[in-house]
Amino acid sequence: MSKIKDPSLAEKGKISHEWAKDHMKILTNTITRLKKSQPLRGIRLGICLHITKETSVLIMGAKALGAKVSVCCANPLSTQDDIAAFLVSNGIDVYAWEGQTTKEYDWCIEKMLSHHPHIITDDGSDCHSKVHGDSKFSSLKIMGGTEETTTGVIRLKALAEQKKLRYPVIAVNDAYTKHMFDNRYGTGQSTVDGYLRAMNLLVASKRVVIAGYGWVGRGVASRMNGMGAKVYVTEVDPVRALEAHMDGYEVLPMEQAAKIGDIFITATGQTGVIRKEHIVKMKDGAIMGNVGHFDVEVEAKFLLHKSRSVREIRPSLDECSLNNGKRVYLIGKGRIANLVAAEGHPPEVMAQSFSNQLLSIIYIQKNYKKIGKKVITVPPEIDRQIAVDALKAMNVKIDKPTAAQIKYAHSWD
Ligand SMILES: NC(=O)c1ccc[n+]([C@@H]2O[C@H](COP(=O)([O-])OP(=O)(O)OC[C@H]3O[C@@H](n4cnc5c(N)ncnc54)[C@H](O)[C@@H]3O)[C@@H](O)[C@H]2O)c1
């Protein structure tokens, strides 16, 4: 049933899976704890996530808890083909390979949905959107879903506002133990990784412009700052802009930043953040890329189709010679650079995000009837449990409030 690039990569994928699994104790401890009770027995789970070694640990975990899993990818360029092969060799239906056209990407989502999932786990909500926008899928009986990222949650909330949401969805992104760690530390580190792999240039002393000072932007700024970059921030939200200013970064509009930046990183979840009018003002040699979910933040169409010439200068790095004589560079064709040019988040971070996913999937299965057709946040008891599991896995011990402290916290006088 599956369609992947090369089944002979399964052994390589297995080694990669084992490396990730060894560093995802929070998730593997949870799977071990729940395995006996088989909470997902009889459930068909449809997964639309980046197919990485970390995701394979979640998928194999859901299978171990009783689910029948089918999988497609959440981005045409982010699949690790050896991992897809490993999953297929373990009886998972997978429709994913690296380097898909948009049409193929769409086809893979439809194939995954042809398995009639009871629960859908998505990253960016392309799959949830298809279920809602394509009449072919109106007969699917879906209990509910989960959503991994900020952009996907925004799309689902828009559906709920218009009273068009067909089933309950847990916004896994909104759990503290997800966005504070995954979006900040995970994307912070893997963005540096992706940019370094693509350009292999010195970061120290470079002017790095970061668009968006949300969870992702803050993480990227702190890591780039740690490597000696001069960090500049662009924002549209006054509170976030103030925070960036207080954190010691120079805040300015993109119009000005375009002229001085050496390296540009968009992390807003918005469209048209770096546009033609900014690109033509950039210095010769400027490098730009995006780590927001969709490839709409940098005007890649202008760079790739309106430049005088475009050539691939290194893997995941295109040189675009503009009509004004300057050469500028685009990482990963403007797609999510930490996944396209590197391997996404490190396993320790994904262990936390995917523990949230797994416990949320189980929660949906048990509670979907009483939640109703809305987007809810991860229940606080799950968020807390994950923090407890994470501290345990990292061997970190904390204090307990004393009786006097509990009394003090509840007194008014
Ligand atoms: N690359 C990854 O692995 C990864 C991981 C997590 C999230 N994401 C994605 O990254 C994006 C940002 O996520 P987040 O959690 O930081 O969201 P967030 O909402 O916390 O932050 C986004 C910030 O961008 C700012 N912004 C919006 N429009 C802007 C513009 N035109 N110019 C400058 N700033 C602007 C907002 O004011 C906000 O402060 C989303 O698309 C999310 O899905 C990617």
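Sort the residues of the shell around the ligand by class and you get nine nonpolar, 16 polar and three charged. Keep in mind as you look that this is a predicted model. The shell holds 28 residues, and the closest to the ligand are G212, G214, V216, D237 and G269. As for secondary structure, the elements that give two or more residues to this shell are α7 (150–161), α8 and α9.

**Two domains**

Where does the ligand lie relative to domain 1 and domain 2? Both domains give residues to the shell around the ligand, so the ligand lies between them. If you want to colour the chain by domain, domain 1 is 7–178 + 344–393 and domain 2 is 188–340. Their C-alpha centres are 29 Å apart. In the contact between them, twelve residues of domain 1 meet twelve residues of domain 2. The side of domain 1 that touches domain 2 has three nonpolar residues, nine polar ones and no charged ones.

**Helix packing**

| Helix pair | Angle between axes | Distance between axes |
|---|---|---|
| α8 (176–199) and α9 (215–226) | roughly 45 degrees | within 7 Å |
| α1 (10–22) and α4 (81–89) | roughly 95 degrees | within 7 Å |
| α8 and α15 (347–371) | about 150 degrees | 9 Å |

Start with α8 and α9, whose axes cross at roughly 45 degrees. That angle makes α8 oblique to α9, and the crossing is right-handed. On the α8 side, the contact is made by H179, M180, N183, R184, Y185, T187, G188, Q189, T191 and V192, while α9 brings in W215, V216, R218, G219, V220, S222, R223 and M224. By class, that contact comes to seven nonpolar, eight polar and three charged residues.

From α8 come T177, K178, F181, D182, Y185 and G186, and from α15 come V349, Q352, S353 and N356. The tally by class is three nonpolar, five polar and two charged.

Last up, α1 and α4. With their axes crossing at roughly 95 degrees, α1 and α4 are roughly perpendicular to each other. Which residues of α1 and α4 meet? In α1 they are A10, K12, G13, K14, S16 and H17, and in α4 they are D82, I83, A85, F86 and S89. Here the classes split into four nonpolar, four polar and three charged residues.

Technical notes: Residues are numbered from 1 along each chain as its sequence is written. This is a predicted model: local features need pLDDT of at least 70, side-chain atom pairs count only at pLDDT 80 or more; totals for chains, interfaces and linings use all residues. Axes are lines fitted to C-alpha atoms, for helices over the stretch in contact, and angles run from 0 to 180 degrees between N-to-C directions. Helices (H or I, at least four residues) and strands (E, at least two) are DSSP runs, numbered from the N terminus. Angles under 35 degrees count as roughly parallel, over 145 as roughly antiparallel, 65 to 115 as roughly perpendicular and the rest as oblique. A crossing is left-handed if the near helix is turned anticlockwise from the far one by less than a right angle, and right-handed if clockwise. Two residues are in contact if their C-beta atoms, placed from the backbone, lie within 7 Å. Ala, Val, Leu, Ile, Met, Phe, Trp, Tyr, Cys and Pro count as nonpolar, Asp, Glu, Lys and Arg as charged, and the others, Gly among them, as polar. A residue is near a molecule or strand if its C-beta atom, placed from the backbone, lies within 6 Å of it. Domain bounds come from an automatic or database domain assignment.
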